[in-house]
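Here is a friendly walk through one protein model.

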Amino acid sequence: MSLHGTDAYGTSLGGLPPLVARAVRAAREDGFPNSCRPEQGRLLHTLAGGAGALRSRSAGARSAEARSTGALGRIGESGTGYGVGLAWLAAGAPAGVELISVEREPARAAAAAALLADVPGARVLTADWTELYRHAPYDLLVLDGGGQAKGNGTADPERLLVPGGVLVVDDFTPSPDWPPTHDGRPDDARLHWLLHPALNAVEIPLAANLSAIVAVRKHQP
């Protein structure tokens, strides 16, 4: 979710995946401003298309829950909001891939769950981000809202991702400096992900005022 992300879609929703347009309308109707921006959404849509490829080659990487449901892969998200980011993920994910998103606020979780009710394998859970551990590991995990999953490096990618799994940490402001700074000081939260020993990570600029960290969990030697 991004500050004023809902407004970033402008007045026309033409050209968006239909599920994304429905989610944006729901956010607008309830006055919720902090949706996933279009630039972020396109990134998530693209990355979701690769979910499941790892598990198709390695059944051992799948959790017991995934094996029991026959899921081909799993995408996780923290901070559902009204489901705009989740809709981008669902629109890009291959058939058979599960999507699990957590939202702390019950009314927003219910609205997003209703939006995704017809999407096979999609679940919205009313919980904070730590609920994601119960359903790990993920092929693709998007850390945004739902508590301090991304702040100060709280979430553990080795527990949450399959080897080779992709992590997205949203809503940074591009920094021309190294080390990257925030408010004139080294950005420790960003550095945590960029230098994490279990990850190969890069910061990708999405707009003049927006970037995201995309990281891959390293395979064990």
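## Charged partners

Let's start with a term: a salt bridge is a side-chain nitrogen of Lys or Arg within 4 Å of a carboxyl oxygen of Asp or Glu. Aspartate 187 and arginine 190 make one of these, with their closest N and O atoms 3.0 Å apart. That distance is within the 4 Å cut-off, so the pair counts. Keep in mind that you're looking at a predicted model.

How many salt bridges does a search of the whole structure find? It turns up 6. Aspartate 187 and arginine 190 also belong to a network of salt bridges, in which they are linked with Glu203. Are these two partners buried or exposed? Aspartate 187 is buried, at 10% relative accessible area, and arginine 190 is buried too, at 1%.

## Two more pairs to find

Now look for arginine 74 and glutamate 98, which form a salt bridge with closest N and O atoms 2.1 Å apart. Arginine 74 sits in strand β1 (residues 73-78) and glutamate 98 in strand β2 (residues 97-103), so this pair ties together parts that are 24 residues apart in sequence. Arginine 74 is buried, with a relative accessible area of 0%. Glutamate 98 counts as buried as well, at 10% relative accessibility.

Arginine 134 and glutamate 131 give you another salt bridge, this time with 3.2 Å between the closest N and O atoms.

Time to zoom out. Strands of a sheet pair through backbone hydrogen bonds, either parallel or antiparallel. In this model, 7 strands form an open sheet with mixed pairing, and the order across it is β3-β2-β1-β4-β5-β9-β8. Which strands are at the edges? They are β3 (122-126) and β8 (199-207), each of which pairs on one side only. From one strand to the next, the twist averages 15°.

Follow β4 (residues 138-143) and check its neighbours. With β1, β4 pairs in the parallel sense over 3 bridges, and glutamate 77 stands opposite valine 142 in β4. With β5, β4 again pairs in the parallel sense, over 5 bridges, and here tyrosine 138 stands opposite leucine 161 in β5. Of the 6 residues of β4, 6 are buried, so this strand is largely enclosed by the rest of the structure.

## Helices against the sheet

What lies across β1, β4, β5, β8 and β9? That's helix α2 (residues 38-48), which runs at about 175° to β5 (161-172). Helix α6 (residues 106-115) packs on the sheet as well, touching β2 and β3. The direction of helix α6 makes about 170° with that of β3.

Key. Residues numbered from 1 in each chain as written. Predicted model: local features only at pLDDT ≥ 70, side-chain atom pairs only at ≥ 80, totals over all residues. Heavy atoms only, no water. Helix = DSSP H or I, 4+ residues; strand = E, 2+ residues; numbered from the N terminus. Buried < 20%, exposed > 50% of the residue type's maximum accessible area, 1.4 Å probe, protein only. Pairing = 2+ DSSP bridges. Axes fitted to C-alpha atoms, helices over the stretch in contact; angles between N-to-C directions. Contact = heavy atoms within 4.5 Å.
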